[in-house]
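Subject: Structure for you to look at

Hello,

Here is the structure I said I would pass on. My notes follow below it.

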Amino acid sequence: MCPACRNYKPHYEKVARLFNGPDAVHPGIILMTRVDCASKINNKLCDKFSVGHYPMLFWGHPPKFVGGSWEPKQEKSDISVIDDARTADRLLNWINKQLGSSFGLDDQKFGNEHLSSNISDFGQIVKAIYDVEEATSTAFDIILGHKMIKPESRVSLIKFLQLLVAHHPSMRCRKGSAKLLMSFDDLYPTDFWSTNEQEIDEVSLSNLQICGKDVPRGQWIFCRGSKNDTRGFSCGLWVLLHSLSVRIEDGESQFAFNATCDFVYNFFICEECRQHFYKMCSSVSSTFHKAQDYALWLWSTHNQVNDRLSKEEASLGTGDPEFPKTIWPPKQLCPSCYLGYDYRNKKIEWNQDEVYKFLTNYYGKTLASLYRDKNIVGNDRTDGGAEDLIVEATNAVVVPLGAALAIAIASCAFGALACYWRSQQKSRKYFRHPHSSKSI
């Protein structure tokens, strides 16, 4: 390795560790890998990009690198050289300017390591926006992949889609839900199951990526468990349901209750879980007239589920040791939610107005703040994400940090895949009764 590359390596890897690997602070946003241009196997690749010195960094759209090239005298090119990145600070500043982001070298990993510190940090829920998208996309991948849409469940899916279109906290999931809703009658007409063919347009179905082409990412952030088989999808789905419950208007509360209960009953793949949930739905005897009543019912239901599962997991040893099921919210997050403790009946006495205020802020304003803070959506750029790539040419030994992209670029690339989401908010009205679309 040449001295310049050897000296630059810790700077570059410091930035890479923010986005790549199991301990990444911001996983799923930038993917980094590198090319060893001193190796004969990479001669053709490095020649195509006119690598004349080490280290050399490139930025561009991934398809432009795969089968593409770069010439220094090109007037217009989709690939550019990063010429101000000699330190970790300067490289990250350059990336931030391209993405309109504010990543920092001192950013801390979202910690699942210690529950006590985690639950006392109100701002951690901000990261859950990624998991809400992941859960939404995963749920619909399961529904479509397992052909779970039946004549008796068709209407319930349509109603849940209506709920997502109006109130999903992610703009691109609202947009994707609207596309699926508008195409639903064509994909699944009412007589679909009465015909002998029952053929669905697989091409159209594959294009209906409900939260954009970059989702699911295959990983969890806020909902990441300390063990592979804990938290994840179920956690993301709960966060989605809570976020919907605090966004509806009073006149939508009964609709949201019915849509949620029917969706879980018809499409949640865990048989025991959906039966338990629907039993709690069936125990409700009165109609919801206020959004607060529905949000508090969902909150209470979630706590009942946690209470039941905590006992089961304790006896079987199947729980997440870092994230044991507990009553929510903890006192650290909402002291005003607690009135006291009824020792005779062994239950917490809640200030439900304060609980609702907490839920609205936690799953509403705070959850959505990542988009506003990072300027991810709401501007005049196109939705779906524009992916960019940084490639560094060195004479170092190849150390692949992102296998998927590395294979795509001759299994040896060092670069950065930058996915940032941009879309325009449009008013959408899919409910059968008036509602106000949220501008988040």
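This is a predicted model. The accessible surface of the protein chain is about 21500 Å², and carbon and sulfur atoms account for 50% of that area. Of the 440 residues in the chain, 52% are buried. The secondary structure consists of 15 helices and 7 strands. When contacts between residues at least 6 apart in sequence are taken, 72% of them join residues at least 24 apart.

Confidence comes next. The mean pLDDT of the protein chain is 75, and 74% of the residues score at least 70. Helix H11 (residues 253-267) has the highest confidence, with a mean of 95, whereas helix H15 (residues 403-408) has the lowest, with a mean of 27. Residues 110-120 stay under 50 in pLDDT, and the model gives them 28 contacts beyond four places in sequence. The pLDDT is also below 50 over residues 372-390, a stretch with 79 contacts in the model beyond near neighbours in sequence. Where pLDDT is low, the predicted coordinates should not be read in detail.

On helix H11: it has 15 residues and spans 21 Å from its first C-alpha to its last, close to the 21 Å expected at 1.5 Å a residue. Its buried residues are Ser253, Phe255, Ala256, Phe257, Ala259, Thr260, Cys261, Phe263, Val264 and Phe267. The cover over these buried residues includes H6, H7, H10, helix H12 (271-282) and H13.

H8 has 17 residues and reaches 23 Å between its end C-alpha atoms, close to the 24 Å expected at 1.5 Å a residue. A kink of about 25 degrees is centred on leucine 181 in H8. Leu181 is also one of the buried residues of this helix, others including Met171, Cys173, Arg174, Phe184 and Leu187.

Histidine 168 itself has 0% relative accessibility, so it counts as buried. Its side chain makes a polar contact with the side chain of threonine 136, at 2.8 Å. Beyond its neighbours within four places in sequence, histidine 168 is in contact with Val132, Thr136, Leu163, Cys173, Arg174, Leu240 and Leu244.

A few backbone details are worth checking on screen. Tryptophan 328 and proline 329 are joined by a cis peptide bond, with omega about 0 degrees. Proline 329 lies in the loop between helix H13 (291-316) and strand S4 (338-342).

With a relative accessible area of 56%, lysine 147 is exposed.

Regards

Technical notes: Residues numbered from 1 in each chain as written. Predicted model: local features only at pLDDT ≥ 70, side-chain atom pairs only at ≥ 80, totals over all residues. Heavy atoms only, no water. Helix = DSSP H or I, 4+ residues; strand = E, 2+ residues; numbered from the N terminus. Buried < 20%, exposed > 50% of the residue type's maximum accessible area, 1.4 Å probe, protein only. Contact = heavy atoms within 4.5 Å. Areas by Shrake-Rupley, 256 points an atom, 1.4 Å probe, with all protein chains shown as cover. pLDDT = per-residue confidence, 0-100. Polar contact = N/O pair within 3.5 Å; in protein donor to acceptor, adjacent residues only side chain to side chain. Expected span 1.5 Å × (residues − 1). Bend = angle between axes of the 7 residues up to and from the residue.
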